[in-house]
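Dear colleague,

I am handing over the structure below for your files. My notes on what was found in it follow.

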Amino acid sequence: MSLAVHAPLPGAVAALGNVPDPVFAAEMVGAGLAVEPPHGEGPVPVMAPVAGRIASLHPHAFVVLTSGGLGVLVHLGIDTVRLHGGGFQRHVAEGEEVEVGQKVITFDPDAVRAHGLSAMCPVVVLDSPPGSAQPAAVTGPIRAGALMFHWTAS
C-alpha cells in the first residue's frame with residue numbers, strides 16, 4: 001500500500017526531528033514531515049492532505065482516515081490544545097468525507113506564536129514505522145496542496 005500526502009498549508013517543510021515536541025520528533029505517533037507556517041500573514045486555511053473521512057476533529061488537530069484504512073494526522077502547532085479552540089475555526093464535521101485540498105480548519109499561526117507556542121504543524125501517517133515517509137522535499141518552501149511525502153507499507 002502506498003499513500004501520497006499533500007501539504008495541508010503553505011510554509012517551510014521540516015523534518016519531524018525539528019518539531020519541538022519529543023513525541024512527534026521521535027516519530028512515536030508515526031512517520032511524516034512538518035510545516036512551519038508563514039509569519040505575519042494572518043489566518044491560514046488548512047486543507048485535507050489526503051482524501052477520506054474525518055475520523056477525529058478538534059480545533060487544533062484532525063485525522064483523515066483513507067479508504068485503505070490509513071489515518072493521517074494534521075496537528076496545528078504544538079501544545080495548542082491549551083488554547084481551548086481560540087484562533088481556530090472548523091469548516092467540516094467529524095464523519096464528513098473530504099477530498100485532497102478541501103478546507104478543514106482555519107488557524108492563525110501568529111496568534112499561536114503570540115501565546116508563546118510553536119506554530120509548527122506535524123503531518124504524520126498514524127502508527128507507521130519511524131523513517132517510513134519518503135519526502136518529496138526535506139526542507140524548504142511548499143505551497144498548500146503540493147506533494148509533501150509518499151508513504152509505503154513495507
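**The three-stranded sheet**

Three strands form an open sheet in the order β4-β10-β8, with antiparallel pairing. β4 (44-47) and β8 are the edge strands, each with a single partner, so one side of each has no neighbour in the sheet. From one strand to the next the twist averages 25 degrees. Please keep in mind throughout that this is a predicted model.

Within this sheet, β4 pairs with strand β10 (residues 103-107) in the antiparallel sense over four bridges. Val 44 stands opposite Phe 107 in β10.

**Strand β11 and its partners**

Strand β11 covers residues 121-126, and five of its six residues are buried, so the strand is largely enclosed by the rest of the structure. Strand β3 (residues 30-36) pairs with β11 in the antiparallel sense, over six bridges. In that pairing, Ala 34 has Pro 122 of β11 as its bridge partner. β7 also runs antiparallel to β11, and three bridges join the two. Here the bridge partner of Val 74 is Val 123 in β11.

**Val 19**

Val 19 is in the loop between β2 (11-15) and α1 (22-25). Setting aside neighbours within four places in sequence, Val 19 is in contact with Phe 24, Ala 25, Ala 34, Ile 78, Met 120 and Pro 122. Two of these names came up above: Ala 34 and Pro 122 are the bridge partners in the pairing with β11. As for Ala 136, its C-alpha atom is separated by 18 Å from that of Val 19, the two residues being 117 apart along the chain.

**Salt bridges**

How many salt bridges does the structure hold? There are two. In one of them the side chains of Glu 36 and Arg 113 meet, at 2.7 Å from N to O. That pair links distant parts of the chain, with Glu 36 in strand β3 and Arg 113 in helix α2 (residues 109-114), 77 residues apart. Glu 36 is partly exposed, with a relative accessible area of 23%, whereas Arg 113 counts as buried at 19% relative accessibility.

Arg 113 also forms a salt bridge with Asp 110, and the closest N and O atoms of this pair are 3.0 Å apart. Both residues, Arg 113 and Asp 110, lie in helix α2, three residues apart, or about one turn of the helix. Asp 110 counts as partly exposed, at 24% relative accessibility. Through shared partners, the salt bridges join Glu 36, Asp 110 and Arg 113 into one network.

Two residues in the backbone should be noted. Asp 79 has a positive phi of about 65 degrees although it is not a glycine. Asp 79 is found in the loop between β7 (71-75) and β8 (88-90) and is partly exposed, with a relative accessible area of 40%. His 84, likewise not a glycine, has a positive phi near 50 degrees. His 84 lies in the loop between β7 and β8 and counts as exposed, at 75% relative accessibility.

Regards

Conventions. Residues numbered from 1 in each chain as written. Predicted model: local features only at pLDDT ≥ 70, side-chain atom pairs only at ≥ 80, totals over all residues. Heavy atoms only, no water. Buried < 20%, exposed > 50% of the residue type's maximum accessible area, 1.4 Å probe, protein only. Pairing = 2+ DSSP bridges. Axes fitted to C-alpha atoms, helices over the stretch in contact; angles between N-to-C directions. Contact = heavy atoms within 4.5 Å. Salt bridge = Lys/Arg side-chain N within 4 Å of Asp/Glu carboxyl O.
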